[in-house]
Amino acid sequence: MNGLRKYIDKIKPNFTKGGKFGFLQSTFEGFETFLFVPDTVTKRGTHVKDSVDLKRLLIIVVLALVPAMLFGMWNVGYQHDAAFGLGWGFWQMFWYGLVKVIPLYLVSYIVGLGIEFVSAQLKGHEISEGYLVSGMIIPLIVPVDVPLWMLAIAVAFAVIIGKEIFGGTGMNIWNPALLARAFLFFSYPSKMSGDTVWTGGVARYMAEGKAYACGNGIVDGFSGATPLAHPTLEGLQSAGTSFMDLFIGTVPGSVGETSVIAILIGAAILLFTGVASWKIMFSSVLGGLAVGYLGYFCGATDLPGYWQLVMGGFAFGTVFMATDPVTSAQTEYGKWIYGFLVGALAVTVRLWNPGYPEGMMLAILLMNTFAPLIDHYVISSSIRRRAKKVKIA
Amino acid sequence: MSNNIQLKQGLNIPISGGAVQKTKKDVVSTVIALKPTDFRGLVPKLLVKEGDEVLCGTPVLADKASPEILFTSPVSGTVETVVRGEKRKLLEVRIKPDAEQKHLDFGAKKVNDLKDADIRAILLKSGLWPSFIQRPYGILANPQARPKAIFVSAFSTAPLAANMEYVLRNETDNIQTGINAIAKLTDGGVHLSLCSDNFNGTPFHKLENVIFHTFSGKHPAGNVGIQIHNIDPIRKGETVWTISLMMLAAIGKLLNTGKLDLSRKVAVTGPKAIDPCYVNTVPGMAIADIAEFYDNSANDIRFISGDVLTGKNVGAEGFLGFYDNQVTLIKEGNEFEMFGWAKPFRTHLFSASRAYFSWLTPKKLYDMDTNTHGGERAFVMNDVYRKVLPMHIFPVHLMKACIAGDIDKMEQLGIYEVLEEDIALCEYVCPSKIEWMSILSSGIDLMLKEMA
């Protein structure tokens, strides 16, 4: 440990201004602060500070995403196995998923962090750790067979247009991970929707006529559609999908979004540590239920409202993306409104818009856009209330 | 006791090194200093020169803006040096005390016979006028103004703060005299806030001529700014004054005896303090005069006049501030910590959040140091701050208004009501390591400039 510290101290002068690699200062600092909590001391203001920092909070979010990620890897294999009738065991399924998902992570982190490093260097800032979470989320919200070059472009778009031009982590308007997904969704719709993209290996089978590493064809009766493609009791029944299947997550879908159980584990971590707002999560669920039951009673769907919570990306979006503290509403009342509208809009899009089977992404992005407006009205009404008190007094 | 105000938000920082209730010694000062920098916005005018003899109560400085506000010597002695900084800014007037203390006699008074103007005159002349802090902005009180009310906090919740009952245990009569005097300066009365947990245990609940309030809650419940906000918030155009019990006692002593007596009990505290307890001294005491409380051979101690949240880093050569009755000694944390943020446990560190596990050991005290535990970032989290700020304001938005220099927004978001000490905890818990107090200071400075 001390040896490493000594080595870093030795090479550090090279990376400071005027040194041999002075142009890499931010990059060097990024790695140094990754390894060591810096030796900086308080100057003005309070003399002591809490031990928590952004790195710690973000690593907790990453940790909370791990169950969804692990389940997603297994489910990728499971869906592949089911589609091609391979009769795999647990580890074979997991291994297949691992092999499919790791490249997504590599692309996500290499492209995203690369851009972060370069832009921090250009601006002469410290590297911000915000992308640790975005990079963790992005592979979980795309179909497993998304071409890597598309993912790379989407990540670049999200980081540059979604974040860096606003000034980096903390300044962005939209959730960068969702922006990456939206970019893919609108630029390459054929790779982001339909029945063939959600199961690993199927797209390749369609193109080349063979499955990954085995000669099997697709099993009879394979549909590959996500439950959202036929969101009726009958449709789900004929696909053999029960409520428990949706809750556990053994259905096709984006890598990490399917398992409500895994997401709930993550939610418990986020709520217990206080990293994410329970108000947003709770009110988003309320909004989803409200519109879900409204649709049920109006006859827009024959699924009771609570089904909306376990289908598609609702749970994942509610827990991990609507609660992004930067892009969500910042005021406490605002969070109730924001969360409710996220849930309500997502289900509204599902039920009444034939064009888009899933509405979570659009709902969150739309509410991201309006979050500052909500805050504005919450704050001005608070200011008005205070002003009124003066007049009475 | 009827209208207890319970504050749910707040945080008591579990730092080790609280002072035990004993007085170790009377500090024999080799030199003391008067520091114009203790007073916000003061442009001082020097009234003495090096080598002058001064008595206890002799004017040393005056306020250039209102020359009737005098700053007097707390001891009798000889002006040793006048320390100036950049652009010849006056930093300290150092006075070497005489062995035998001589006081300027201001004449003992009966408060009942005094009128508003008489009280103002004697406070201005004796150098006790700066005891008042005027809000908004926390500046020296305007001698012509008649404040809406005067607020006093009779307890402190700051980390390791001196115990008020102990340091003022024989001063109740003087405090009463002081209250009777300052009550004539306002129509709104003197509001005294007590801690509800200790209501019957404190001698201060027997004070008269005051309007009592009781508070319960964690720090900053003892901050007078928080109390004002929850009793009667400051509106635009209003002025209120605040004063500490310690300065009230000094005013009482002045009126009762005719002599300026700023002597006070000072708590020497902090993880680096050896045998933390109290000493008798005067404001401006040199830190070097309490050398037996610390061992700075490793040169790793930070000397703070005040508490760890709002105190000033004065250094080993520094002096106690005018308003302070606490010295805190903590370690400079200029060390790297390998994988600090990634370690599951960091049992030697405290966190108010549940991101670490210090919530499992709620009674533990920590040897805190000055490390920032992370680099500065933009605002990311938004709900951690209101948990430690018992005020109905939007702290992050106020900060952003200060950064943007938007005066209208600052006004609407409540800049009249807050001082640095009130939001110090926000800075403490800030995961983005933003310097809240400096940002607020710059906002207040802008307000002072624009509103002048």
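Helix H16 of chain A gives the nonpolar patch its largest share, 5 residues. Keep in mind that this is a predicted model. The patch covers about 850 Å² of surface. Its members include A:Leu271, A:Trp278, A:Phe282, A:Trp336 and A:Phe340. Two helices of chain A, H13 (278-298) and H16 (332-352), supply at least two residues each. Take A:Phe340, which sits in H16. A:Phe340 counts as partly exposed because its relative accessibility is 33%.

Now the charges. Over all chains, the count is 30 salt bridges. One network links A:Lys279, A:Glu332, A:Lys335 and B:Asp383.

Start with B:Asp116 and B:Arg120, a salt bridge at 2.6 Å, N to O. Both lie in helix H1 (residues 116-126), 4 residues apart, about one turn of the helix. B:Asp116 is partly exposed at 22% relative accessible area. B:Arg120 is buried, at 9%.

Next, B:Asp52 and B:Lys49, with 3.7 Å from N to O. Here B:Lys49 is exposed at 57%, and B:Asp52 is partly exposed at 21%.

Last pair: B:Lys272 and B:Asp300 form a salt bridge at 3.9 Å, N to O. This one links distant parts of the chain, 28 residues apart. B:Lys272 is in the loop between strands S16 and S17, and B:Asp300 in the loop between S17 and S18. B:Asp300 is buried at 16%, while B:Lys272 is partly exposed at 28%.

Finally, the domains. Chain B is assigned domain 1 (1-15 + 29-262), domain 2 (264-345) and domain 3 (395-451). The C-alpha centres of domains 2 and 3 of chain B are 26 Å apart.

Technical notes:
Residues numbered from 1 in each chain as written. Chains lettered and ligands numbered in written order. Predicted model: local features only at pLDDT ≥ 70, side-chain atom pairs only at ≥ 80, totals over all residues. Heavy atoms only, no water. Domains from an automatic or database assignment. Patch = residues over 30% accessible without salt bridge, like charges linked within 9 Å, V, L, I, M, F, W, Y side chains within 5 Å. Areas by Shrake-Rupley, 256 points an atom, 1.4 Å probe, with all protein chains shown as cover. Salt bridge = Lys/Arg side-chain N within 4 Å of Asp/Glu carboxyl O. Buried < 20%, exposed > 50% of the residue type's maximum accessible area, 1.4 Å probe, protein only.
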